[in-house]
Amino acid sequence: MFRDKFILWILLLTATVALVIWMSSQANKNAPVAVQGYLDLSAWNFDEHAIVPLNGEWEFYPNQLLIPGDILSAANKKRYMMVPGKWEKTQTDSGISMRGMGFGTYRLLIGIETTEQQLAVAKNYIRFADKLYIDGVLMGESGQTGESRDRYSPRNVPYTVYFHTNRNEIEILLQVSNFDYKSGGIANSLYFGPATAIAIYKNVQTSFEMTGMFISLFFSLFVLSLYMWLHKNRLLLVFGAFFFVSAIVIITNGERMFMQLFPDIPFELAFKIKNMSMYLRPVLLFWIVSIMFEKSLLRKPFLAISLVYAVYCAGIVVLPFHVYSQLQEVSYAGILLSYALLIVFLTFAYVAGRFGTLDKRGFQLFGAAVYALLLTEVSVVMSNENMTSNAVTNFNIIVVSVLIVIMLARQYFIAYSSMRQLTQKLQIADRMKDEFLLLTSHELNTPLHGIINLAQTALEEKFHKSNEETIKERLRLIRSTAYRMSNLVKDLIDAAKLKEDRLQLELRQVDLVTCVSVIIEVFGFLAKGRNATFASSIAPDARYIVADEIRLMQVLYNAIDYCLMRVQDGEIVIGSRREQGAIVIEIACEPTARSEAIPGEDSAPDEDAGVAIGLSIASELILRMNGRFERPEDAGCIRLFMPAAGEEDTTRRQIAASSQSSPQTSRISADDGAPRVLIASADPLNLEQLYGMLEMDGYAVTAASSDREAWTLVTRASRPDIVLLDVMLPEANGYELCRQIRDHFTHVELPVLLISARNTPADIETGISSGVSDFIARPLDAGEIRMRLRTLLSIKRLAKEAALNEMAFLQSQIKPHFLYNALGTIMSLCYTDGPRAGELLAVFSKYLRIIFHLDNIEETVSIRKEMELVQAYVDIEKVRFGERIRFELDADKQLYDCQVMPLTIEPLVENAIRHGISKKIGGGTVRLTIRSEGEYVQITVKDDGVGMTPAQVEAAFDRNQNNQGIGFLNIVRRVAHLTDKRPAIESEPGSGTTVTIWLPAARTATTPRRGLADESVIG
């Protein structure tokens, strides 16, 4: 029936504890009880039952503290009360029921046979002060009894009194006072018997408690030592605190050895320590459970329970006993309930096989310890109700401590065993490392000596123009040798992974056309060193294979490297064909032997031996990809036989790629202000992974599956802010597309993050030379991608902010340009023509209102506002120069709502007047034309002034020419941020000048998107 022995043992433990409790409760069942204040023990056999509980009806005198001589006078106030029991609701003389806080006197007569042996009475708990008289003699007291709180001093410490009597009747008189707890009276039985038996009973009880205390304290020190010296595990720290608190619980309860060892300790402090230890234990226990089961849904409820009892402990610290003790019974009932719930949780977790941080056996030990702790709390309740002795409680506490320590010791034994096994594995790995380093040093020694010899030869050569090519050739050989050495290191690492069977392969469909194009890009610089060329001959029906893309590229790298060492002034052909259902990839070099030796390359045979390591790894990789590797010695080539991708897989891949990456069906975030990301990749898995990750991060994502689609998306009006470019992108490859992007966009305008299959120095050099902004290698890491995207977008944003600030600075310099001239003219007119000066001031004030209204950091204004500024300037100049200045305007007023950069048109008109018309004796005409030209607004300023020479026209665009001022150069630089159309200047000396600029025809003001670069279109 019970297939799990653990549950069977738990049931047996429960039955055993229940049996012990039942036997303990039956121990004094046949003992005589007092009736109406008299206990007859004259016929009791003390040899068989030495100790007798003084239970039954005692005489009780409420609200009186009597001494032996006062009994007769108070006989009419006598009541009878059951002991042990509470005195609440006992009727007084006035008919009023007693409350829990009060005072009274108990009296009992015991009838015995006359004996000469010493007798004893053991008193346990009486709330909360008592005074014991035997035969009229004061024998013991705890605290100070009194009729009010002022005269009363609580203590409640167990004690035993010893006495002789020659009478056959013993009188016991007990004064009791309680002004601290809501319930008063004799809480536990008093015991009577021969002194020897009572002493033995008390000594056994005390020894048992001290043993439990020392065991718990020892376990606490043991666990805390483990925490301090071996492992900083917070679980050990909490367990150490749990054992320490358990030791305090033992010594402050039962016989209350703590208060007996320190008799002068104040009552409040002693009971704060006692009660805090009792309620800190569930706090620590539920903390332990929350650590062990961090992923459980009930972790937070357990922590909440722990927090509630921690708050109650804080109340114990700051409040007096008579205040916080009002909730003591409710709090203790909550402990029992929470322990019961914890047992239920552990039971369900055990059945479900969820053991938290423990294994099954450790969980069983912990569960048994928690169950024993629940039994401990139950036995405490039963002991308070005089149903069992404190020995059961102390025994349960020891069982709890032992079970937990066994669990911790077992865990550390397992950890120690694991460490020993790991040490053995590390020793084996250390020996393998030594062997690996020996092999590596041997293989690296050859190319290093080659580099040293080539460098030494180059240094010994005299540097003349005539031997420049020879030196370059040796430097190329050094770079080629260093590259091969880098590849050799990677091959040795892969060899170790293959030997330990730790190399993971991901077989899927691979496009040979894309792979070969990337290979040719990467090995271009090495081929130049051999004066060799590459040729691709991939058959259309032998294009797609099943392989691990990254490892296939590694195999092709090693094969190309092998062929490059055997060709000089030749060609390496990479082709494929179908053969009996498989795809044959052939890498052939023509000629198959070197046509001439290269100086300084005496180590070629050794290099061949080093390359053999890479080929052996390539052979093993091909074998693991279900292929075959051949290197015929007489054919001068390498053949790879790989499984062909099925037509259904190829069709499904193309459909999936087109459906996921088509611009028309691209998924775009709802936030129009989000940074736009273009993913250019033909791999559906990568697309899906990057799509999901970037969309969750709030990016607007678009995809392309080929270089043509990607270029279309890049060159449209709403181009992306950044491109994630897969180097394996068909039809060409990612490097070629990146070069095409860089021909039109800078790194700031459109960053490119390249996704490569490998991160060798050759791959990185090829990527950087093609214009990528950053580099990331497969397998893709989400965190790294996020970090690199944020970095590139932040650089883009900061670059644009710097450009905007620079434009604002340049605009601020344009404004004073004309002001000085106008003020100078007004000042001169004030001396010669006052009315004309006043007229000029009126026009000048209008000009100032317009120009000071413009914000230096405002990106655009309407052409209408710009024309108001132009008109104000022309009016001022007409006042200055009179009929010498003529201004004509030919503008399409439908374009007046178009947005342009502030101070774009006015400086052109100003330059035409200042540098063209004003220098001509007879003056002239300035004509401003504003027309629409496709998606641009064409602005032309023509004058018939003095004109410029071709050299002056070129100097106008030269930033190094300081005599041209900043006006026109400023316009050139600002317009470059919006369009790639360069302003045009047509001029002839004596005939005048025509300046034309083009601006985007934007009808509404543009708002920057999170500080990213503008969205201008390629012209």
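I am working from a predicted model, where local features need pLDDT of at least 70, side-chain atom pairs count only at pLDDT 80 or more, and totals for chains, interfaces and linings use all residues. Residues are numbered from 1 along each chain as its sequence is written, and side-chain values use heavy atoms, with hydrogens and water left out.

Entry on the strands. I took helices (H or I, at least four residues) and strands (E, at least two) as DSSP runs numbered from the N terminus, and I counted two strands as paired if DSSP finds at least two bridges between them. I found that β28 (residues 885-891) pairs with β30 (residues 924-933) in the parallel sense over seven bridges, with Phe887 opposite Val926 in β30. On looking up β31 (residues 936-943), I saw that β30 pairs with it in the antiparallel sense over eight bridges, and that Arg931 stands opposite Gln938. Two residues lie between β30 and β31 in this hairpin, and Gly934 in the turn has a positive phi of about 65°.

Entry on the helices. I compared axes, which are lines fitted to C-alpha atoms, for helices over the stretch in contact, with angles running from 0 to 180 degrees between N-to-C directions. The axes of α18 (residues 707-715) and α19 (residues 734-742) come within 10 Å and cross at roughly 20°. That makes α18 roughly parallel to α19, a label for angles under 35 degrees. For contact, meaning heavy atoms within 4.5 Å, I noted Asp707, Ala710, Trp711 and Val714 in α18 meeting Leu737, Gln740 and Ile741 in α19.

Methods
Angles under 35 degrees count as roughly parallel, over 145 as roughly antiparallel, 65 to 115 as roughly perpendicular and the rest as oblique.
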